[in-house]
Amino acid sequence: MTDISEAFANALHLIISADKDLVEIILLSLKVNLIAVFISCVIGLSIGALLAVYKFKGRTICLITLSALMGLPPVVVGLIVYIFLSNSGPLGILGLLYTPTAMIIAQAILITPIIAALTRQTLEVMHNEYYEQLKSLGVSKLAMAKTLLWDGRYQLITVVLAGFGRALAEVGAVMIVGGNINHLTRIMTTAIALETSKGNLSLALGLGIILIIMSFIVNGLVYAINLTAERQAYA
Amino acid sequence: MLNQSSNQKMSQKHELFPLKVENLALEVNGKKLINNLSFKLEANGITALMGPNGAGKSLTLRLLHNLIEKTSGTISWNNQTNQKLIQNAQAMVFQKPVLLRRSVIENLRYNLHVKKIPNKTEQANLIEEALTRAGLKGHANNPARLLSGGEQQKLAMARALMTKPSILFLDEPTASLDPNSTLVIEDLIKEANDQGTKIILITHDIGQAKRLAEEILFLTGGKVCEQGKTLDLINNPQTKQAKQYFSGEIVTENQK
């Protein structure tokens, strides 16, 4: 019990004193996850909007696949990215294994289906409501997708934040492709796993506290955005 | 200026009429919802589509506006059967107005953007005209979906009319409105018709049909049951279904 309270006190000290290692890990985490989420947004929002608007043969299979990909086991994604990026793999020549870029790739693969599926779900409801009116005005399918993306922006921000939250909490894939190398590919979740196994609970707890605070901020933002959108009748 | 534009629109409208619908059918999942529907409409006046629920009125309107695809038959606008070309000259207002999650002014601007009217001065004039028509000048920057039901329908009407369509389809536009709002919408309908827009309107309100329509198309079971001048049809219907309907008896599709 004393160990835990001592570790907790040390963790708070690390946070308050803005410990160099702690800050470095947090900043790398943010960098990797924000870039991964950005890439996932570009791909996922587009796929989601197009799936909401276009009805084509094989669409159901696409939707089932997308839902299945949402539940991709991170370690499997890590393994596949590892195989592709390893020296003997097809992309080994790029020398990306154990770099933040490899971690970004793995994270983007994990988050894109989540953003695409949630975007499709959100925009399809709106599409059902808008369809006849937009068709009556003579709006093309592609323009409908753009309209839905704009009019659904408040809900989509919450979708993006959900993806970001998922990325922040992820550990398996980034551990495999990043290698958890100090000062290079060590991010919050991988550092927590390593420091806990080493018995260095202070740093692990400090990072854990920051992670939980970030999660609170993300969820607080989701709530505030939804509330604002509802108040302004834009939800 | 107004007369010139009205005259121009009148001539555009006359180019699209007569509307001839022949053996139009719509089948969904093996069920015939519209069954060999045939009728002819001229350019003048307001036409009311009437009939019990399930008669196929809304589907007919959607088929004419190319919102759904027919199974068979022909829809010919003065011998032009390319529905996509005609759709640009049409507009539709639904029973429940569908407004974008944007401000009043942005809802109007969106329509101009779709219709490719890039000229800012022309845009501003058309928006100003639409806001005045809807009586919503004081609400221009308010979220459209926070307007009252009557205001939302007025906005939907103004949006539909702002690009001066030759044909306006109205699917029970006053069904959920109070008498005051109904009156305003009816005035907008009459004004649009006076300025050269052909109106095809669905209504269950016999009083409204008398106030607005020159002609009634009475449908049952996805077919035209009777067609005639409004007062003639209401006062002297020839078919059993129309007699029951206009005498105020409750008629359902199952009773046919």
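Author: Below 20% relative accessible area a residue is called buried, over 50% exposed, and in between partly exposed (1.4 Å probe, protein chains only). The model is predicted, so local features need pLDDT of at least 70 and side-chain atom pairs 80 or more, while totals for chains, interfaces and linings use all residues, and side-chain values use heavy atoms, without hydrogens and water. Residues are numbered from 1 along each chain as written, and chains are lettered from A and ligands numbered from 1 in written order.

Asn78(B) is partly exposed, at 34% relative accessibility. This asparagine belongs to the loop that joins β4 (72–77) to α3 (83–87) of chain B (helices, H or I, of at least four residues and strands, E, of at least two are DSSP runs, numbered from the N terminus). Although Asn78(B) is not a glycine, its phi is positive, at about 50 degrees. Asn36(B), also not a glycine, has a positive phi of about 50 degrees. The setting of Asn36(B) is strand β2 of chain B, residues 31–41, and with a relative accessible area of 45% Asn36(B) is partly exposed. Most residues other than glycine have a negative phi, and most peptide bonds are trans. Between Phe17(B) and Pro18(B) the peptide bond is cis, with omega near 5 degrees. Pro18(B) sits in the loop between α1 (2–16) and β1 (19–28) of chain B.

Apart from residues up to four places away in sequence, Ala134(B) touches Lys154(B), Leu155(B) and Ala158(B), contact meaning heavy atoms within 4.5 Å. Asn235(B) lies 101 residues from Ala134(B) along the chain, and 34 Å separates their C-alpha atoms.

Chain B also meets chain A. At this interface, 23 residues of chain B are in contact with 22 residues of chain A. Four salt bridges are found across the interface (a side-chain nitrogen of Lys or Arg within 4 Å of a carboxyl oxygen of Asp or Glu). One salt bridge joins the side chains of Arg101(B) and Glu129(A), at 3.0 Å from N to O. On the side of chain A that touches chain B, α5 and α6 (141–151) of chain A each supply at least two residues. The greatest contribution to that side comes from α5(A), with ten residues.
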